[in-house]
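Me: I would like to go through some of the labels attached to this structure and ask what each one rests on. Please set each value against its cut-off.

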Amino acid sequence: MMMRGMIMTTESQTFTEKYDLLGCIQCGRCTGGCPVTVRADLNVRQFVNDAYDEEKLDELARLAEIWDCTACHTCAVRCPKGLKPLEVLIGLRSMIVESGKVEPTVRDALQSVLLEGNPWENPRAARQDWMEGLDVRIAEPGEHVENLFFVCCTNCYDPRVQVTAKNMVKILNKAGVDYAFLPEDESCCGSEVFTIGEEGLFEMTVEDNTEFLNEFSADRLVTLSPHCFTTYRTHFPDLKFPVIHYTQLMDELIQEGKLAWKGELPKRIVYHDPCYLGKQGGIYDEPRRVLKSIPGVELLEFDRKRERSLCCEGGGGKMWVESESRKERLADTRIKNAKELEADIVAAACPFCVLTLEDAMKGLGYEEEMRVAEIMELLGEFVEA
Amino acid sequence: MKTVVCIKYVPDTSEAEVKVNPDGKTVDDSRFSFDINDADNYAVEESVLIKEDKGGEVDVLSIGPKQSEVMIRMAMAKGCDRATRVEDDRIAEHDPLLVAKVLAGALKEKEFDLVFTGCWGDDFNHMSTGVALAEYLGVNHASMVKKVEVLDGKVRAHRELEGGLMEVVELELPAVLTIQTGINEPRYAPIRGIRQAQKKELNVVSLDDLGVDPAEVSVDASQVVLENLYIPEVESAAEFIEGEPEEKAEKLASILTKGGLV
Amino acid sequence: MGDILVLAEHRQGVLRDISFEMMAIAPKVAEAMGGEVKVLVIGSGIDELAKKMSEYGVKVIAVDDQLFEDFNAEKYQKALSALLDDLKPAVLMTGQTAQGVDFMPALAVEKNLPYVAEAIDINYEDGTLKATRNIYSGKVNATVAFKPADTCLVTIREGAVEAPEPAASGDVEKMDSPLKEDIPYRKFVEYIEAEVGDVDITQSEILVSVGRGLKEDKNLPDIEELAKAIKADIAGSRAATDAGWIPHDRQVGTSGKTVKPKLYLALGISGAFQHLAGMKGAKTIVAVNKDPEAPIFAVADYAIVDDMFKVVPALTEKLKELKG
């Protein structure tokens, strides 16, 4: 276990102060835009209103719907006062986490982050097993590199999305990019730890990862998951280098003519904006340009796109918490929309989006006519490597 | 109530590939993840639940390396009050009777009403340490306990027998209970709790500190000799169905229907 | 000398399978050691049980006393302590059961004798008694040798071997209880039968059984759909019932139910031996597990190494199609 950081936070702030509840004008734009309202009984505006009453907090924290929030940040994007209503829900989750009475799945995921550096209950020693058979350059502290890669726990361990990292290595090698991947001490960025509300573990993650990453010398940190991308950008103030998402790098390489295409993909592709890349990172154009540059591709758009993109429900710790609501999953809605557009491929640039959308696609029985793909998957197939 | 809970730091081999080291007596644990033994985790929770219900204190006792302290701190974060970690490489780890003897040595000066252990270890599955410990301590015991009711000067233990039958026994305190998994729902140890638990007392002791004669608990003292470890040949008669997941499903569906199995 | 004393196990008037299974191991060890097998039956009103054990052509020692009406670890330990002094067997063997584990370690400590728990086999070679154990999630075997001692204590894993058929008749010798009075500090109170749910899985023709691989209960609908498609009942391993995904009365294994369905589909079950002991009597076993080393494959007839969530929905669809 890494436990270098030992800083305690000041507990003197009240809940109202911490989340600036008095800044709220109860306009309701948060709830109005919240994608989860059609899926579950979550009214985030009401929570912001009710949380003002400190005596009511325990009761609020016990409501099941606080776990329905996917941390997509639509509410934060829309709030005219610049508040983050979702963080009120995360604050309530924290109270449950601190009591220890979380769902066993959440308990095991958090404990795995602490003990093994990933939420998937996989051994740290297996973190780089995906590299087997590949010629991967590994970073050395102090040795400068232009692009330092952070793989993400899900891409490391989940066999479905390991392809993202594998294809990246092959393409980088071929394109002659100056890069290196982090050694196996790489640990979870803490994105889900933050949204689950494990504040102590998140603080420790920020401290430990900052120290670990800053040992390396790079022009920038390239993340393969939008969750790591946004988490490093927003919660790691002391990181020495800027953070980008891989779609930005791929866009650059394509503009510079460093990627050679092979074959054609004469398919209708609709791009799904991951919340952590778009709404939270402002990256909308690069992934679209990358997809459009694949020869033969016809790029479609969802009605709900860019800032209005519909969340897949993969974030906010939802990989470990099932909603009590039995209403249609947002990922199902998304796939049905793609079907209406007669898309052949739903492309995303996020491991969680790929996993949730593909589940939905299979559940709806569209395997024969539709495919869910990571952008790196398509690049792996159509870029010379 | 004064409770002592004995816990062990073990590798998770349930999904890992296990290789025997060239010495033939140990396994390569470099790629394993380690954590508290599953049943011991339930024992910790049960001890904390009893403390919350009846008041009192819980002491943690463990034999293990420095790395196991994270597990001990987690137990403390959940509500255990103090801990003793025995670290001494002279202990014959393969022999649960000698491990119990060391634990007994660590408890001989202590007052307690209850001692909990997990009912079995995920690594060696002896199911012996707790019962042997009771004998060394000269106190009552019950093994495979799935429900604990603390009464006045007594404890009522529901032992889980084969077939789901419960055997209810009543023991005079003090007593050792070996705890079965599923008795409760172990809670999460939040990091802030773990950090606060850094302030709790954790004594690291050797056999000498405990006044246990190393010669009595060493490999030489053991009456059994671990001769060798080996990977058993799996005599599987299974037909392995190959292909992509969907192909496998299709082949299996066809086997089951053609064979009249469904 | 070199006798093997086998303590038979019974409960509520019925001998348990482990008592017969030990008859597959004890005779070969006795022969190698130049001794004979003696079976000890302790209880109250046990004539029938003693006679049944004697049908293995062995000498049965019956300690029949009111004091032993119900199992009590303390009383067993006291009785055996005295009987070991008296009979001086080379080996005392019983089952690694809720009964065996409750007194054998204490007896070994009390008598300062070597003890090996949960052997899957025992052999006597070149003057040394050796036990084979199965450890680390069933993936490694260990050979453990007993150092020379008056009596070696060992427990045998349930279901490790098949019970032989009875061979010949033997004698029953009654022996007075070495224990003369009740003990006050440990009392048997009662047995509580497991709650009976809506389905009795021991009677099921087809079982779809899930383990730790289910990961969370939100994944149950996939399993329910498969079960519905093939008219199966759903059961689970200990991990699945501990997690609350499956009711306790549907747990398969030594601490749950022993099942013998026509078809057993083990999904995401690694196959801890306690589980295997409860289901290996199934006529056809299908196992789906992503760990190729999973012990469940050793007992399976059809095996799929893959993620159950990739296989199960497809399997359900195909089965629905094929069954029309």
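Me: What percentage of the residues of chain B count as buried?

Reply: The model is a predicted one. In chain B, 56% of the 262 residues count as buried.

Me: What else describes chain B, in elements and in extent?

Reply: Chain B has eight helices and 13 strands. Its C-alpha trace spans about 65 × 45 × 40 Å along the principal axes. Of the contacts in chain B with a separation of 6 or more, 70% are between residues 24 or more positions apart.

Me: Why is A:Leu253 called partly exposed?

Reply: A:Leu253 has 19 other C-beta atoms within 10 Å. Buried requires 20 or more and exposed requires 12 or fewer. The count of 19 lies in between, so A:Leu253 is partly exposed.

Me: Where is A:Leu253 found, and which residues does A:Leu253 touch, not counting residues up to four places away in sequence?

Reply: A:Leu253 belongs to helix α13 of chain A, residues 246–255. With that exclusion, A:Leu253 touches A:Ala175, A:Lys258 and A:Leu259. A:Val177 is 76 residues from A:Leu253 in sequence, and the two C-alpha atoms are 8.9 Å apart.

Me: What makes α13(A) oblique to α14(A)?

Reply: The two helices, α13(A) and α14(A) (residues 285–293), pack at an angle of about 45°, and their axes are 8 Å apart. Roughly parallel needs an angle under 35 degrees, and roughly perpendicular begins at 65. An angle of about 45° falls between those limits, so α13(A) is oblique to α14(A). The crossing is left-handed.

Me: Which residues of α13(A) and α14(A) meet?

Reply: From α13(A) come A:Thr247, A:Gln248, A:Met250, A:Asp251 and A:Ile254.

Me: How many residues of chain A are in contact with chain B, and which helix supplies the largest share?

Reply: 22 residues of chain A are in contact with 15 residues of chain B. Contact here takes C-beta atoms within 7 Å. On the chain A side, α6 (85–99), α7 (104–116) and α11 (199–214) each supply at least two residues. The largest share, seven residues, comes from α7(A). That side of chain A divides into 14 nonpolar, three polar and five charged residues.

Technical notes
Residues numbered from 1 in each chain as written. Chains lettered and ligands numbered in written order. Predicted model: local features only at pLDDT ≥ 70, side-chain atom pairs only at ≥ 80, totals over all residues. Contact = placed C-beta atoms within 7 Å. Nonpolar A, V, L, I, M, F, W, Y, C, P; charged D, E, K, R; others polar. Axes fitted to C-alpha atoms, helices over the stretch in contact; angles between N-to-C directions. Parallel < 35°, antiparallel > 145°, perpendicular 65-115°, else oblique. Left-handed = near helix turned anticlockwise from the far one by under 90°.
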